[in-house]
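Here is a short report on a helical packing question. Look over the sequence and the structure first, then read on.

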Amino acid sequence: MAFGRAKFSRSSSSSSSGSLLSKLPLWVLRFLQFVFAITVIGLYAQDLRAASKAGKYSDNKWGYAVAVGVIGAVSSLLLAWPRLSMWGWGWDLVVFILFTALFGLFGKMYINEGDEGINGIKRMKNAVWIDLINMLLWFITAVYGMIMFFFFRGSKSLHTGRATV
């Protein structure tokens, strides 16, 4: 090894290119995240569209909900690759926090609200539970990513290249 150049190697057992069966749970979680994020976009965008058609003010809370849904959908697609997922656990935490805020915001508004047969309120109560599902899915993938990052990296130390990190 030349001076100033570190040589990195990975053992075959710690490689992120494992079998299809080992990647399947992650892909299922990412698929569910994508589906529920699209659902969030659809549930909240209805009110934004109705306000726009009527020429009324659209509340920023619904804009935030749609933005979080878009961030969740795009992130779930990008992080579906296991190698990105291992390093993307920090972003999983960020999206988890965004969905936690979304659940708290609309949960406070609609969980204790009586629906009395009003379809809009029923839809928003359902949207709150979809937010909770999203929040939990992003928490699960963040924990999975942290476990993969801290326990199964299998890389060598930066300076000498001899110690397993």
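A polar contact is a pair of N or O atoms within 3.5 Å; within protein, one must be able to donate a hydrogen and the other to accept it, and residues adjacent in sequence count only if both atoms are side-chain atoms. The side chain of Ser 75 makes such a contact, reaching the backbone oxygen of Ile 71 at 2.7 Å.

This is a predicted model, where local features need pLDDT of at least 70 and side-chain atom pairs count only at pLDDT 80 or more, while totals for chains, interfaces and linings use all residues. Residues are numbered from 1 along each chain as its sequence is written, and side-chain values use heavy atoms, with hydrogens and water left out.

**Overall make-up**

The chain has five helices and zero strands. Helices (H or I, at least four residues) and strands (E, at least two) are DSSP runs, numbered from the N terminus. The order from the N terminus is α-α-α-α-α. Of the 165 residues, 33% count as buried, meaning under 20% relative accessible area with a 1.4 Å probe and protein chains only; exposed is over 50%, and partly exposed lies in between. Contact means heavy atoms within 4.5 Å. Take the contacts between residues at least 6 apart in sequence: 71% of them join residues at least 24 apart.

**Helix pairs**

Two packed helices are described by the angle between their axes and the distance between the axes. Axes are lines fitted to C-alpha atoms, for helices over the stretch in contact, and angles run from 0 to 180 degrees between N-to-C directions.

How do the axes of α1 and α2 cross, and at what angle? They come within 8 Å and cross at roughly 160°. That makes α1 roughly antiparallel to α2, a label for angles over 145 degrees; under 35 is roughly parallel, 65 to 115 roughly perpendicular, and the rest oblique. The crossing is left-handed: the near helix is turned anticlockwise from the far one by less than a right angle, whereas clockwise would be right-handed. Residues making the contact include Phe 34, Ile 41 and Tyr 44 of α1 and Trp 62, Val 66 and Ala 73 of α2. By class, they divide into 14 nonpolar, five polar and two charged. Here Ala, Val, Leu, Ile, Met, Phe, Trp, Tyr, Cys and Pro count as nonpolar, Asp, Glu, Lys and Arg as charged, and the others, Gly among them, as polar.

Helix α1 also packs with α5. Their axes come within 9 Å and cross at roughly 150°, so the two are roughly antiparallel. This crossing is left-handed. The contact has 17 nonpolar, five polar and four charged residues.

| Residue | Relative accessible area | Contacts |
|---|---|---|
| Thr 141 | 0% | Leu 29, Arg 30, Gln 33, Asp 92 |
| Val 68 | 2% | Leu 98, Phe 99, Leu 102 |
| Ser 75 | 6% | Trp 91, Val 95, Trp 138 |

Thr 141 lies in helix α5, residues 119-151. A polar atom of its side chain lies 3.1 Å from the backbone oxygen of Trp 138.

Val 68 sits in helix α2, residues 60-78. Its C-alpha is 8.0 Å from that of Leu 102, 34 residues away in sequence.

Ser 75 is in helix α2 too.
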